[in-house]
Amino acid sequence: MGLRDRLFSSGSAAPHAGSGHEGVLLLIGNPNVGKSALFNRLTGGSATVSNYPGTTVDVTRGSLIADHQAREVIDVPGAYSLEPRDAAEEVAARIVGEYSGAVALVVLDATRIERGLYLLLQVLERRMRTAVAVNMIDAAHAKGILVDTAALQHLLGLPVVTTAATTGEGIKDLVGILHKAQVADLDAVRDRIAGKTPEPPANLPGCAGCGRCG
């Protein structure tokens with residue numbers, strides 16, 4: 001099922017488990033989108049690596065202090081889908097289910113954003129508070145790729161920030177918008193895809209590197 005078909009299907013979204021794990025930040029994304037480099041920027045490189053219980057899949061954990069709040073940061077194994085097809089995706093799906101009250105930071109590759117949209121939608125369907133990092137923006141610029149983060153933020157109704165984890169570009173802005181992570185209104189997203197334009201949430205960031213203007 002394609003992204004558009006999935007958005008317009010009649011299936012109901014998974015319930016939001018809103019309690020517990022509010023101080024946890026999950027880094028979620030496809031393999032090779034720079035999640036590990038982003039994790040190191042957010043945590044200062046201090047990490048604990050261990051196997052997820054009952055598996056041989058490594059999970060990396062660290063901590064971040066922002067806005068006078070300590071967060072546990074979990075680098076979720078790279079996955080293309082939360083409908084598992086291998087051990088890494090099985091662990092990713094289990095972590096997302098276990099920490100459904102956490103903030104999800106979905107990391108997209110700026111050079112191939114479309115590849116990460118399916119996973120992003122699956123996270124949104126689980127009604128997690130979500131923010132989006134469009135990472136590797138330096139590589140996109142080098143390839144002459146323009147990323148319209150304003151349009152993406154308006155479409156999703158979620159805070160979107162561009163980052164380059166290898167250089168540190170956008171990291172401060174990213175940390176600054178984590179507290180604005182939203183549960184996506186999928187009905188409004190469907191309307192915007194269909195050409196209607198309901199206004200996105202009023203408390204999205206304005207000019208802190210998120211790409212939204214006007």
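**Close-up views of strands and salt bridges**

In strand S4, Glu72 is the bridge partner of Ser63. The model shown in these views is predicted.

**View 1. Strands S3 and S4 pair in the antiparallel sense.** Seven bridges join S3 and S4. One of the facing pairs is Ser63 with Glu72 of S4. Two residues lie between the strands in this hairpin. Asp67 takes a positive phi there, near 55°.

**View 2. Arg61 and Glu72 meet in a salt bridge.** Their side chains come to 3.1 Å, N to O. Arg61 sits in strand S3 (residues 58–66) and Glu72 in strand S4, so this pair ties together parts 11 residues apart in sequence. How accessible is Arg61? Its relative accessibility is 23%, so Arg61 counts as partly exposed. Glu72 is partly exposed as well, with a relative accessible area of 28%. Side chains of opposite charge can pair when their charged atoms come close.

**View 3. Strand S2 pairs with S3 in the antiparallel sense.** S2 covers residues 48–51. Four bridges connect S2 and S3. Thr48 stands opposite Arg61 in S3. Arg61 also takes part in the salt bridge with Glu72. The hairpin of S2 and S3 has six residues between the strands. Which residue in this hairpin takes a positive phi? Gly54 does, with a value near 80°.

**View 4. Lys35 and Asp75 form a salt bridge between distant parts of the chain.** The distance between their side chains is 2.5 Å, N to O. Lys35 belongs to helix H2 (residues 35–43). Asp75 belongs to strand S4 (residues 69–75). Are Lys35 and Asp75 buried or exposed? Both are buried.

**View 5. Arg112 forms a salt bridge with Asp109.** The closest N and O atoms of this pair are 3.9 Å apart. The cut-off for a salt bridge is within 4 Å, so the pair counts as one. Arg112 has 36% relative accessibility and therefore counts as partly exposed. Asp109 has a relative accessible area of 8%. Buried means under 20%, so Asp109 is buried.

**View 6. The whole structure holds five salt bridges.** How many salt bridges does a search of the whole structure find? The search finds five. Among them are Lys35 with Asp75, Arg61 with Glu72, and Arg112 with Asp109.

Key:
Residues numbered from 1 in each chain as written. Predicted model: local features only at pLDDT ≥ 70, side-chain atom pairs only at ≥ 80, totals over all residues. Heavy atoms only, no water. Buried < 20%, exposed > 50% of the residue type's maximum accessible area, 1.4 Å probe, protein only. Pairing = 2+ DSSP bridges.
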